[in-house]
Amino acid sequence: MKMIKRHDFSAIMTHWLVALSTFTLFFTGFVQLPVAKRYFISTLPGLSWSADYSFTLKLHYLAAAVLTFALFFHLASKIITRDFDLWPRRGDIRESYLIIKSLITKKPEPPSDKYLAEQRLAYAYMAFNFLLIVLTGMIKVYKNLPGISLNPKLVWLATTLHNISSFLLGLGIFAHLLAFILFRENRNLIPSMFTGKVSLEYAEHRHPLWLKRIKNNDNDQQERSQIFKQQIFDEG
Amino acid sequence: MQQKKMSRREFLRKSLIAGAAGAVALHAKPSHASPNTQKKYAMMIDLTKCTGCESCVLACREENRHKFPEPVHPIPVNWPTGKYDDWSDKREVRDRLTPYNWTIVQTVEILRNGQIEKINIPRHCMHCDNPPCANLCPFGANTQTPEGAVVIDDSSCLGGAKCQAVCPWGIPQRQGGVGLYMKIAPGLLGGGVMYKCDFCHHRLTAGKVPACVESCPNGAITFGTKEEIIKLARERAKEINGYIYGDKENGGTSVLYVSHIPFSEINEALIKQGAGDKKSGKPAMPTFTDNPSDAPEHLVKSLALAPLAGLLTAGITAYKTFTREGSKHEND
């Protein structure tokens with residue numbers, strides 16, 4: 001099967017670092033509420049540590065450092081390489097509607113670029129919540145330092161926004177996973193998050209604008225077609 | 001209560017100390033100041049002077065009665081534990097901290113030099129310098145005011161009792177059937193509102209000292225700016241060849257105890273009486289310095305450096321990619 005390179009190593013690493021740290025942050029943040037003892041989570045085998053606030057807080061900090069690193073790396077990389085493929089575009093809401101409608105009615109969907117319109121919208125939604133979580137989280141960490149006491153209203157606002165944006169992010173992740181569970185078409189993208197490649201056939205069928213863009217770059221057609229050739233792998 | 005006879009020298013010495021303490025207290029009356037210039041306050045409790053009369057307990061109760069909860073009955077049973085907290089029909093309880101009793105006096109007897117010595121210890125919130133209860137409140141309902149008072153907002157507290165669990169003394173106490181959780185999912189989430197001494201914050205902002213300070217007939221409680229109280233406590237400890245509790249515990253607090261008996265012995269005696277369990281409402285006096293909300297320095301540093309490390313790695317990666325692509329094209 002012919003495959004085409006969709007993600008480089010750093011994109012794959014960033015995705016999994018964000019996934020792993022976010023999962024850790026969700027769990028260690030959730031048990032701060034406090035729920036581990038009340039709902040007997042700490043009595044489950046191997047989870048007795050979940051009721052230890054001091055330990056789960058340290059784990060939360062550690063995962064937050066990993067997430068912050070990954071987010072800043074991602075943002076800076078995209079800006080430096082001028083890769084704005086994931087940034088939302090005008091008309092994405094309408095196009096998302098058409099794509100989802102096509103997925104349900106099994107009719108041909110509008111041609112997509114490297115990412116689907118709803119992926120770009122989802123990215124913006126996730127990015128906004130991540131930004132809010134990191135910002136309010138930083139305020140919370142600063143407040144916890146010895147000798148620092150912030151205005152109670154600011155503390156309440158930062159805490160409430162941290163909780164709300166975490167909840168919204170959770171919903172986003174749920175929708176992200178649901179998109180793969182519900183729609184077979186989307187599952188073609190899963191290998192790209194491990195190997196960086198997707199099937200060329202799938203890309204031609206669903207992301208013709210992306211392939212066209214790689215093949216026919218207005219500025220440097222020859223160079224781009226060379227790159228395009230380098231990105232296709234025959235994996236039998 | 002039997003009064004001990006006092007020698008003339010002792011009377012003069014005590015008068016001088018009381019006078020000095022009074023002068024500090026008068027001098028240190030809190031005033032309205034902006035948070036940036038606001039001084040932090042503290043209190044010194046001199047255990048050599050406390051007779052256990054409980055004037056502070058009663059004054060605290062009277063002064064803060066308007067803040068006490070008036071729960072809705074029946075109190076929802078918390079799922080899945082099947083428990084709930086209700087002190088509303090036990091408002092007169094004085095031998096432990098409750099939502100209706102924010103100050104208690106503990107009494108221990110300690111054998112020293114063949115004689116039993118009775119020590120009375122007024123107890124309430126220690127108002128930590130870096131309060132774990134406020135730092136770790138998941139809803140931002142518990143905060144430290146510029147005056148150094150740690151105050152729970154009864155309108156946003158959900159009564160998860162995490163503050164009690166992370167408080168080294170288990171000070172905050174929960175009352176069910178009251179507060180925000182009653183409007184969300186009573187029985188399923190939260191469990192009421194947490195209550196504790198707030199350093200008489202309403203009095204501090206009005207330029208007054210806490211009610212317990214004013215009520216003590218023996219001058220055992222002195223209130224002032226943090227700096228002054230620390231200085232005074234050190235002087236007093238030196239004077240009686242005694243010990244200070246609260247200056248280092250949990251990283252430092254705003255309530256300093258001075259005693260001529262080591263606090264390790266007092267703690268031992270308190271624990272023998274059943275104090276120390278977080279839910280008992282009877283705090284012990286453990287000597288420790290660690291604060292459960294202090295993250296290790298390397299973790300905080302990692303967090304502070306994470307954005308920079310991300311930017312730097314992105315720069316290096318991009319540089320490597322550009323140079324690799326550049327050399328590829330040159331070779332082509």
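The area buried between chain A and chain B is about 3,600 Å² (accessible area, 1.4 Å probe, that two parts lose on being put together, summed over both). Carbon and sulfur atoms give 68% of that area. In this predicted model, 39 residues of chain A are in contact with 47 residues of chain B, where contact means heavy atoms within 4.5 Å. The count of salt bridges between the two chains is 0; a salt bridge is a side-chain nitrogen of Lys or Arg within 4 Å of a carboxyl oxygen of Asp or Glu.

Within chain A, helix α1 (residues 9-30) packs on helix α2 (residues 53-80) at an angle of about 150°, with the axes 8 Å apart. Helices are DSSP runs (H or I, at least four residues), numbered from the N terminus. Axes are lines fitted to C-alpha atoms over the stretch in contact, and angles run from 0 to 180 degrees between N-to-C directions. The angle makes α1(A) roughly antiparallel to α2(A), a label for angles over 145 degrees. Residues of α1(A) that take part include A:Leu17, A:Val18 and A:Leu25. Among their counterparts in α2(A) are A:Leu59, A:Ala63 and A:Phe73. This contact has 12 nonpolar, 10 polar and no charged residues. Ala, Val, Leu, Ile, Met, Phe, Trp, Tyr, Cys and Pro count as nonpolar, Asp, Glu, Lys and Arg as charged, and the others, Gly among them, as polar.

Helix α4 (residues 117-144) and helix α5 (residues 152-182) of chain A pack at about 145°, with axes 8 Å apart. Their contact has 14 nonpolar, 8 polar and 2 charged residues.

Residues are numbered from 1 along each chain as its sequence is written, and chains are lettered from A and ligands numbered from 1 in the order in which they are written. Local features need pLDDT of at least 70, side-chain atom pairs count only at pLDDT 80 or more, and totals for chains, interfaces and linings use all residues, while side-chain values use heavy atoms, with hydrogens and water left out.

Note on methods. Helices (H or I, at least four residues) and strands (E, at least two) are DSSP runs, numbered from the N terminus. Angles under 35 degrees count as roughly parallel, over 145 as roughly antiparallel, 65 to 115 as roughly perpendicular and the rest as oblique.
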